[in-house]
Amino acid sequence: MNRAAATGSIALTLASALTLTACGGSGGAGVAADAKQTLTVWAMGTEGEKLGDVAKEYEKTHSNLTVKVTPIGWDVAHQKLVAAAAAGKLPDVVQMGGSYLGEFADMGVLEPVDSKTIHETDYFPAAWQQGSYDGKTYGAPWYVDTRVLFYRTDLAKKAGIEKAPATMADLQSAAEAYQEKAGTKWGLSIQPGGLDTVQSFYQFLYSAGGAIIDDDGKAAVNSAAAVKALENYGSYFDKGLSEKSVRPGYDVTKDFNTGAVPMFFGGPWLTNLIDENYPDLKGKWAVAPVPADVASVSMAGGSSLAISADSDHKAAAKELVAYLTGAKGQTDWFERTNDLPANTEAWTTGDLADDPTMQVWRQQMDTARATPSQPKLTEITSKVDTAIESVTQGKSSAKEALDKAQSEIEGLVQ
């Protein structure tokens, strides 16, 4: 998901009041699933635009239902969710990005997932973790996102690179070879600073065995593994293998097309974008798992579907969410959007099972890691963004930058 504008301070102001008013839920049995009713659903970005078509198909087999889908832009999603939660007017079903869920679960405005209809074992572990907070699960995994290595195979031949980099050491050697032997301007495109730089860094951090928040829920961003990862990340800028200044709205696929950038870490939506925008690149590029340090581990992103604690339509909402997050619903959703299914059964048939490229994404999701949900997760990761930028710009060492981030994050973790 793309992070919405930072309005965490508003949410924090409202959180205590919301917890008191909303944690009890609707308080009654609500409307039966088979009663005539209207379900309200909010979904963001492209998903919001396309979910309406699925809702129309769902209504054909649920004649008692009208499913009203409201598309919301990611740039205003957080503000609208906060305002709706404060007014007790959240929709029956709402899409929750990974950086949001902990915040709204902490407010008490989300209904815990019904374990009788939604089963943890049906999903990638990281997808399930993204929907969980403080020992309970509030979001049913809808779709997942991760990062893999995109690389130019034609330029690799010129550089004498015979196969995709398998280790972090291989990655830097390949970046150097692309520059020196294939004449590329850069070796690897990774983000030097600014909002969400951490998403570029996760591949290095997690593969080195590091984390921002450990499995015990404690800040751990200055661990030895994290420092090692940031030193590795920063070395690309020190050696001139990665660009130190990237303009806002930078589209790496343009430089990937020209050959200025031969490698980058990217998400699944970029495969179709490259195919559609640069058809002449067909057969000249491929994807591969994140090169391993102690392991090959990428970030896990995506979205969950949550039900409002105050909804009077929980029974019908649960059935809709069960369909959308089930194998059949997610196979259909992939065909409509190319969003990667969170439900592992959906990967056993069709293109998801047969396409070698898609299997790279599946392999990466098996080991992908999600940052534990936190009410102040956006603020926490912003501290890491700042630390990374101070290293890429040569202003501090990795240890100094992460020690500072650690001291700032410790007071934010709950």
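Angles under 35 degrees count as roughly parallel, over 145 as roughly antiparallel, 65 to 115 as roughly perpendicular and the rest as oblique. Keep that scale at hand for this predicted model.

**Stop 1: helices 12 and 13**

Select helix 12 (314–325) and helix 13 (327–337). Their axes cross at roughly 60° and come within 4 Å. Helix 12 and helix 13 are therefore oblique to each other. Now show side chains. On the helix 12 side, pick Y323, L324 and T325; they meet A327, G329, Q330 and D332 of helix 13. Colour this contact by class: three residues are nonpolar, three polar and one charged.

**Stop 2: the second largest pocket**

Which residues lie nearest its centre? Select F334, N338, D351, D355 and M358. They belong to a lining of 18 residues. Helix 13 gives two or more residues to that lining, and so do helix 11 (269–277), helix 14 (350–354) and helix 15 (356–367). The pocket's volume is about 290 Å³. Its lining holds seven nonpolar, seven polar and four charged residues.

**Stop 3: the second largest cavity**

Return to helix 12. Together with strand 11 (300–308), helix 12 is among the elements that give two or more residues to the lining of the second largest cavity. Centre the view on P112, V113, D114, I307 and V321, the lining residues nearest the middle of this cavity. The lining has 14 residues. By class, ten are nonpolar, one is polar and three are charged. The space inside is about 100 Å³.

**Stop 4: the largest cavity**

The whole structure has five cavities of 30 Å³ or more. Select S99, Q199, Y202, M299 and A300, which lie nearest its centre. They are part of a 20-residue lining. Strand 11 supplies at least two lining residues, as do helix 4 (98–107), helix 8 (197–207) and helix 16 (377–392). Which element gives the most to this lining? Helix 8 does, with four residues. Colour the lining by class to find eight nonpolar, eight polar and four charged residues.

**Stop 5: helices 3 and 4**

Show W74, A77, H78, L81, V82 and A85 on helix 3. Facing them, on helix 4, are Y100, E103, F104 and M107. The contact has eight nonpolar residues, one polar and one charged.

**Stop 6: helices 9 and 17**

Finish with helix 9 (residues 224–238) and helix 17 (residues 398–409). These two pack at about 130°, and their axes are 9 Å apart. Helix 9 is therefore oblique to helix 17. Is the crossing left-handed or right-handed? The crossing of helix 9 and helix 17 is right-handed. Select A226, V227, L230 and E231 in helix 9, then A398, K399 and L402 in helix 17, to see where the two helices meet. Five residues of this contact are nonpolar, two are charged and no residue is polar.

Key
Residues numbered from 1 in each chain as written. Predicted model: local features only at pLDDT ≥ 70, side-chain atom pairs only at ≥ 80, totals over all residues. Heavy atoms only, no water. 1 Å grid on protein atoms, 1.4 Å probe; cavity = no way out; pocket = protein on both sides within 12 Å on 5 of 7 lines; lining within 4 Å. Points joined across faces, edges and corners; volume = space filled by probe spheres on them. Nonpolar A, V, L, I, M, F, W, Y, C, P; charged D, E, K, R; others polar. Axes fitted to C-alpha atoms, helices over the stretch in contact; angles between N-to-C directions. Left-handed = near helix turned anticlockwise from the far one by under 90°. Contact = heavy atoms within 4.5 Å.
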